[in-house]
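Try each one before you read its solution.

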Amino acid sequence: MTTKLQQDLAERIMALVREDGLTAGAWLNESDAARRLGVSRTPVRGAFDHLASLGAVRRHPNRGIELVEPWHAPTDAAADTDIIETAMVRLAHDRESGRLADELPEQEVMRRYALSRPQAQRLLHRLAELEMVERKPGYGWRFLAPPRDPRMHDERYRFRLLIEPMSFLEPGFAPAGSWIEAMRREHRETLSRPWREGSAIGFFEMNAAFHEGIAAASGNRFILSAIRRQNQLRRLSNYDWIFGFERVEVNCREHLSMLEAVEKRDLLRASELMRSHLQRASELRRA
């Protein structure tokens with residue numbers, strides 16, 4: 001089942017196709033698309049599978065992915081997307097507050113969040129694609145990471161403060177293609193949309209793509225691997241967003257300032273902005 005993330009990535013992939021002026025018969029590449037979008041290959045692979053199901057691309061074993069025709073995403077989203085995203089936010093809160101055990105039966109997801117079986121399955125498969133849960137042998141699901149440990153907050157930010165500001169100062173730092181403009185557009189759209197309960201998911205995924213994109217631009221595979229792992233570990237915690245839209249606005253504007261510094265090739269300034277950004281974020285505490 002196609003997730004909202006895969007649908008969003010499919011649309012972004014086709015935006016790159018149109019931007020590059022590609023026509024039917026052009027060859028596309030998962031690794032290149034993941035690099036340009038600043039995400040890992042797993043959700044990009046799912047996005048290409050979604051495009052293949054729509055007839056926009058065709059997979060050729062041992063050859064690659066052929067563009068069949070440029071495609072525009074439909075304007076009407078699935079009717080239950082908001083229901084599932086709201087349930088994911090509530091699930092994240094329950095897990096972070098210790099109300100969900102390590103094992104997660106499908107029936108409990110249906111009962112606790114008032115979902116139909118297809119909705120619960122869609123939610124669980126989406127969590128699995130994001131490497132937050134895995135299917136148990138035989139029956140049921142389980143979380144891949146322990147619930148929130150208060151000590152992890154300080155350790156995580158001390159680690160990120162060591163690594164992320166230095167990404168800008170790596171030799172050959174260079175963002176991929178139209179990444180800066182894509183990020184700028186997504187941040188501005190986030191600032192313009194009304195905030196609702198399920199908005200935390202889209203906000204985190206955009207935030208994660210921003211930080212992974214900076215790490216990818218460093219050209220250092222170890223930095224990128226570390227930031228991807230950090231995003232994976234903090235996903236549930238950030239889906240359980242308690243700091244309101246005011247903090248979202250601060251986050252977006254700090255990211256936009258970094259993008260401006262990178263565009264001007266003032267990488268030392270960008271590094272300083274990242275350090276202050278992470279330092280301020282580290283001072284946020286849950287009650």
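**Exercise 1.** Find the buried residues of helix α2 and work out how they sit around the axis.

Solution. Start with the burial cut-off: buried means under 20% relative accessible area, exposed over 50%, and partly exposed in between (1.4 Å probe, protein chains only). In α2, which spans residues 30-37, that picks out Glu30, Ala33, Ala34, Arg36 and Leu37. These residues cover an arc of only 165 degrees around the axis, so they lie on the same side of α2. This is a predicted model: local features need pLDDT of at least 70, side-chain atom pairs count only at pLDDT 80 or more, and totals for chains, interfaces and linings use all residues. Residues are numbered from 1 along each chain as its sequence is written, and side-chain values use heavy atoms, with hydrogens and water left out.

**Exercise 2.** Look at what flanks α2.

Solution. Begin at the start of α2, where a side-chain oxygen of Asn29 comes within 2.9 Å of the backbone nitrogen of Ser31. Then go past the helix to Gly38, which follows α2 and has a positive phi, near 70 degrees.

Notes. Helices (H or I, at least four residues) and strands (E, at least two) are DSSP runs, numbered from the N terminus. The arc is that of the directions from the helix axis to the C-beta atoms. A polar contact is a pair of N or O atoms within 3.5 Å; within protein, one must be able to donate a hydrogen and the other to accept it, and residues adjacent in sequence count only if both atoms are side-chain atoms.
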